[in-house]
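Dear colleague,

I am handing this structure over to you, and I would be grateful if you would look through it with the notes below at your side.

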Amino acid sequence: YFAIKNIGMNHLIRMSFIGYKTQIIDVAKNKDLGTILMQKDESMLGEVTVRAKTYLHTAEGITVNIGNGPLSKLGNATDVLKHLPFVMEKNNSFSVIGKGTPIIYINNRRLRDSNELNQINSSDIRQVQVITNPGAEYDATVNAVIKITTSKPIGEGWGGTIDAGISSERKLSHHGEATVDYSTGGLDVFTSLRYDRDMSESNQRTNRTYSTTYLEDALKMRDRGTTWYGNVGFNYQHRNNLSLGMLYKYTSMPHDAYKNLGDISFYNNKKSKRELTFCDNRSGKTQSHHLNAYLNYNFTKDTYLTFDADYLRGTGNNHQDYFQAQDGIHTKTNSHNKLYASRIKFITPFIGGAITTGMEGSYTRNNNAYTVLDGTTLNNELQSSHNVAKQKLFSGFTEYKRQFGERWSANIGGRFEHVDFNYSADGIKHNETSKAYNGFYPSAGVAYNGNVIQMSLAYRYTTFRPTHFMLRSSVE
């Protein structure tokens, strides 16, 4: 409402406001103009360029913005990770420089199968965080973490993608994938099917000299494998305070074959002394079922709760035939694995920063049976065996993070872990290996993020536990 007094005849009133079309109206003395409707001027704002840092250093590590940048055009999540600072890739396995193998999260859901990275389009990735100093919320054996955040689906209705590719490293490998999803309101239902056909070939020749002895080693290695992936699931978001979802994934490798041909020649004073020829044939098949569920609830913008749970069951059958001349060793390995895991985390503002507290627990069981088959003629000392490894883990953690001005940030935290590990071989419990451990693991870090210089200093107390694969009874 407005009133302007003492306006003479033949005057104009001009009304303007940012984002609306300017209006000019003739007025007469003491005339009521009534209601004036302002119309939006959508052509006024032509283009806005927002500049932000691609990389942001923190006390935990580095955060990389992917969306709409050059990395979003690379292909899939595997291609993106290959180009990130501190991250290296070799033979489809990732490592962080100076930290080893990382654990990977996708939208706060832990990745149990690295092949799932191939199913995420790089254009759907909004941000990747490479954590080189994991805080108290992560297991004491974890030295590095990669967290991938994807963009929310845009639009409603049916959608889908079809993707295929080929690559060649001496042998031609190929893959294909089809996805379908349906979105309505806050619900997104999706399913996908993918296959990977991987083939590789390598030749290796090694020459060694020891005083008067000369050794020549020639290897020819061949690898063939096909893997199928199928998943189905849903995500649901209610306003901006609740999101939940579930994912079921089935993975099957119906056939994986590996062959290694070797010729080893020994020479003494340039005269042939001995020759050894061997052939190593391996074949196997594996399958796994993975069920994941998650829930995120925002009490306020800065106070929220996250929960996720996993169930994983897998089986594997592998055969190996090893020959030297006409004699051979024939073995097989059958494995059955189970995993139950859950984690809950609560984040809220605290004394100018944010405090994270939570707990997690897991149970794993690995059943491994190794058998030396009839027909073995090569002299050996191998024996059939059966081992079972079971582990219960419970932990609680608290971590405090705070930003000091625009440049400095810091974090400090602690984690308590209780591990109950049991190992038995051929039905007999190994008391020396079966142990219960309690441990407290502190961590702290500080970082400076300037326009030219970024640096951080961190401390973390960790431990190392053998993997179930290391404890297997199988011999290769």
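Strand 17 gives the most to the lining of the largest cavity, with 3 residues, where a strand is a DSSP run of E of at least two residues, numbered from the N terminus. A cavity, found on a 1 Å grid over the protein atoms alone, is a set of points where a 1.4 Å probe fits but cannot get out, and its lining residues have an atom within 4 Å of a point. Please keep in mind that this is a predicted model, in which local features need pLDDT of at least 70 and side-chain atom pairs count only at pLDDT 80 or more, while totals for chains, interfaces and linings use all residues. Residues are numbered from 1 along each chain as its sequence is written, and side-chain values use heavy atoms, with hydrogens and water left out.

Cavities

A search of the whole structure finds 2 cavities of 30 Å³ or more, and the largest has a volume of about 110 Å³, a volume being the space filled by probe spheres set on grid points joined across faces, edges and corners. The largest cavity is lined by 13 residues, and those closest to its centre are N108, T306, D308, R343 and K345. Strand 16, strand 17 (304–324) and strand 18 (327–350) are the elements that each give two or more residues to this lining.

The second largest cavity has a volume of about 40 Å³. Its lining includes G135, A136, Y138 and A140, together with R415, Y441, P442, S443, R460 and Y461. Here it is strand 23 (residues 435–449) that gives the most to the lining, with 3 residues.

Salt bridges

Side chains of opposite charge can pair when their charged atoms come close. How many salt bridges does the structure hold? It holds 13, if we take a salt bridge to be a side-chain nitrogen of Lys or Arg within 4 Å of a carboxyl oxygen of Asp or Glu.

One of them joins the side chains of E216 and R205, at 3.7 Å from N to O. Because E216 lies in strand 14 (residues 213–238) and R205 in strand 13 (residues 187–210), this pair ties together parts that are 11 residues apart in sequence. E216 is partly exposed, at 24% relative accessibility, whereas R205 is exposed, with a relative accessible area of 57%; in these notes buried means under 20% relative accessible area, exposed over 50%, and partly exposed in between, with a 1.4 Å probe and protein chains only.

In another salt bridge E476 meets R282, the closest N and O atoms being 3.5 Å apart. This pair links distant parts of the chain, since E476 sits in the segment after strand 24 (454–460) and R282 in strand 16 (residues 271–298), 194 residues apart. E476 is exposed, with a relative accessible area of 59%, while R282 is partly exposed, at 29%.

Are the two residues of the pair E417 and R415 buried or exposed? Both E417 and R415 are buried, and they form a salt bridge in which the closest N and O atoms are 2.7 Å apart. These two residues also belong to a network of salt bridges that links D139, E360, R415, E417 and R465.

Single residues

H330 is found in strand 18, and H330 counts as buried because its relative accessible area is 16%. Leaving aside its neighbours within four places in sequence, H330 is in contact with Q320, D321, F323, T371, V372, L373, G375 and T376, contact meaning heavy atoms within 4.5 Å.

With best wishes,
Your colleague

Conventions:
Helices (H or I, at least four residues) and strands (E, at least two) are DSSP runs, numbered from the N terminus. On a 1 Å grid over the protein atoms alone, a cavity is a set of points where a 1.4 Å probe fits but cannot get out, and a pocket is an open set with protein on both sides within 12 Å along at least five of seven lines; lining residues have an atom within 4 Å of a point.
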